[in-house]
Amino acid sequence: MPVTLLNVFIVPEHKEEEFLQHWRRTTETFRKKKGFIETHLHRNTGVGNQTFQFINIAKWESAEAWRSTHDDYKPTEYTIEGVRGHPAIFESIVNIHYDGDEPQPKMDWSW
């Protein structure tokens with residue numbers, strides 16, 4: 001079953017462009033690795049909690065695929081002064097899907 005990586009980042013404002021360059025390089029490396037499915041980087045809008053400036057949400061075929069890839073390649077984002085990432089792998093346990101005009105969502109409670 002696929003898993004989801006959530007990695008929230010603290011990035012000093014003056015290091016954002018450098019962070020993005022490193023993140024792109026890491027993504028280009030990971031997209032060629034077995035087990036990588038997709039990734040989406042989000043920037044904090046400034047509404048609500050502003051502790052983390054970026055969040056990376058990525059899909060992997062398994063936690064082991066993610067772990068193995070990180071054993072082979074250490075993301076260079078972490079070498080930037082002041083940048084802190086907090087990665088964790090999650091599995092989906094509740095899925096809610098809205099289909100068109102259907103008044104009630106279809107729910108899949110996996111636990």
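Mentor: Start with accessibility: a residue is buried under 20% relative accessible area, exposed over 50%, and partly exposed in between (1.4 Å probe, protein chains only). Glutamate 64, at 47%, is therefore partly exposed. The model is predicted, so local features need pLDDT of at least 70 and side-chain atom pairs count only at pLDDT 80 or more, whereas totals for chains, interfaces and linings use all residues. Residues are numbered from 1 along each chain as its sequence is written, and side-chain values use heavy atoms, with hydrogens and water left out.

Trainee: With which residue does glutamate 64 form a salt bridge?

Mentor: A salt bridge is a side-chain nitrogen of Lys or Arg within 4 Å of a carboxyl oxygen of Asp or Glu. The partner of glutamate 64 is arginine 67, with the closest N and O atoms 2.9 Å apart. Helices (H or I, at least four residues) and strands (E, at least two) are DSSP runs, numbered from the N terminus. Both residues lie in helix H2 (residues 63-72), and because they are three residues apart, about one helical turn separates them. Arginine 67 has 42% relative accessibility, so it too counts as partly exposed.

Trainee: How many salt bridges does the structure hold?

Mentor: It holds five. One of them joins arginine 43 and glutamate 16, whose closest N and O atoms are 2.8 Å apart. That pair links distant parts of the chain, since arginine 43 belongs to strand S2 (residues 36-43) and glutamate 16 to helix H1 (residues 16-30), 27 residues apart. Arginine 43 is partly exposed at 48% relative accessibility. Another salt bridge brings together the side chains of glutamate 28 and arginine 31, at 2.8 Å from N to O.

Trainee: In what order do the strands form the sheet?

Mentor: In general, strands of a sheet pair through backbone hydrogen bonds, either parallel or antiparallel. Here two strands pair if DSSP finds at least two bridges between them. Four strands make an open sheet, ordered S2-S3-S1-S4, with antiparallel pairing. S2 and strand S4 (84-90) each have a single partner strand, so one side of each is left without a neighbour in the sheet. From one strand to the next, the twist averages 15 degrees. S2 pairs with strand S3 (residues 54-60) over seven bridges; in S3, isoleucine 55 is the bridge partner of histidine 42.

Trainee: Is asparagine 7 buried or exposed?

Mentor: Asparagine 7 is buried, because its relative accessible area is 5%. This residue sits in strand S1 (residues 3-10).

Trainee: Which residues make up the largest nonpolar core?

Mentor: In soluble globular proteins, nonpolar side chains tend to be buried together. A nonpolar core is a set of buried Ala, Val, Leu, Ile, Met, Phe, Trp, Tyr and Cys residues joined through side-chain atoms within 4.5 Å. The largest one has nine residues: Val3, Leu5, Phe30, Phe36, Ala58, Trp60, Ala65, Trp66 and Tyr73. Another core, of eight residues, lies apart from it and includes Phe9, Val11, Phe19 and Val83.

Technical notes. Axes are lines fitted to C-alpha atoms, for helices over the stretch in contact, and angles run from 0 to 180 degrees between N-to-C directions.
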